[in-house]
Amino acid sequence: MRRRPGIGGLQSAAAARDQYRLLGENVAKVRTDLMKEQLATFRSQLEEFARKHKNDIRKNPAFRSQFHEMCAKVGVDPLASNKGFWAELLGIGDFYYELGVQIVEICLSTRPHNGGLINLQELCNLLRQRRKGDREAVSEDDCLRAISKLKVLGSGFEVISVGKKKLVRSVPTELNKDHNEILELAQAQGFVTVDEVERGLSWTSGRATDALDTLLEEGLAMIDDGHRDGRRRYWFPCASSISSF
């Protein structure tokens with residue numbers, strides 16, 4: 001017969017488990033303290049880097065994008081507030097605030113034309129035209145960061161992906177999968193017909209018409225009936241350039 005461990009053996013085993021647990025907690029604490037120390041060092045180095053390359057961060061979009069990536073890795077958000085160290089050192093909080101205001105103005109002024117859905121590249125081009133006299137160049141990454149800050153307004157500003165392109169939505173319109181597939185199909189020539197939607201997406205006529213009518217009601221599409229073949233074109237301004245606004 002196997003002998004059962006005595007009371008002394010059980011106590012020894014419990015004491016060993018306690019020792020292992022304490023050892024594990026101590027190791028975890030040392031690791032946490034070391035990580036905090038390394039993070040503090042990284043942040044200090046980041047501040048020194050920002051001081052040294054302040055002008056490059058302000059004026060060079062590619063450099064500014066890389067700087068944001070460095071900040072994200074150590075948990076720093078220079079855009080979190082217009083006050084504090086980063087805003088005073090770089091002024092980039094004001095830069096993105098100004099971009100955000102101009103993006104809102106462009107979206108509002110083009111809304112009668114595109115229904116509140118504009119190609120991101122087109123938006124960036126219009127923004128650069130408006131800022132021709134400014135010293136700081138503006139990249140697509142800058143536009144995306146400024147738009148991300150507009151979400152706090154709760155007014156529907158959002159970047160959505162349609163195929164390989166990004167569109168900026170400035171109205172609280174919910175687009176479903178069918179709507180997105182039609183918008184992606186329209187990227188080729190700027191418009192679609194019911195027949196093209198049926199063939200291209202293998203839909204029934206009713207499904208195609210229903211989705212197109214919804215996009216039309218939301219102001220995202222325009223009707224063009226002036227063609228000899230008699231086929232109605234549904235034009236999507238967000239899939240074509242805006243020459244002026």
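1. In this predicted model, V192 has Y234 of β6 as its bridge partner. Strand β4 comprises residues 191-192, and β6 comprises residues 233-235. Two bridges join β4 and β6, and the pairing between them is antiparallel.

2. These strands belong to an open sheet of three strands, arranged in the order β4-β6-β5 with antiparallel pairing. The edge positions are taken by β4 and by β5 (222-224), each of which pairs on one side only. In general, the strands of a sheet pair through backbone hydrogen bonds, in either a parallel or an antiparallel sense.

3. The sheet is also packed against by a helix, α10, formed by residues 205-217. Helix α10 touches β4, β5 and β6. The direction of α10 makes an angle of about 45 degrees with that of β6.

4. Turning to helix α7, which spans residues 140-150, the buried residues are D142, C143, A146, I147 and L150. Viewed down the axis of α7, the buried residues fall within an arc of 130 degrees, and they therefore line one face of the helix.

5. A further point concerns S170, which is located in the loop between β3 (165-169) and α8 (177-186). Is S170 buried or exposed? Its relative accessible area is 3%, which is under the 20% cut-off, so S170 counts as buried. Along the chain, S170 and V159 are 11 residues apart, and a distance of 8.9 Å separates their C-alpha atoms.

Note on methods: Residues numbered from 1 in each chain as written. Predicted model: local features only at pLDDT ≥ 70, side-chain atom pairs only at ≥ 80, totals over all residues. Heavy atoms only, no water. Helix = DSSP H or I, 4+ residues; strand = E, 2+ residues; numbered from the N terminus. Buried < 20%, exposed > 50% of the residue type's maximum accessible area, 1.4 Å probe, protein only. Arc of directions from axis to C-beta. Pairing = 2+ DSSP bridges. Contact = heavy atoms within 4.5 Å. Axes fitted to C-alpha atoms, helices over the stretch in contact; angles between N-to-C directions.
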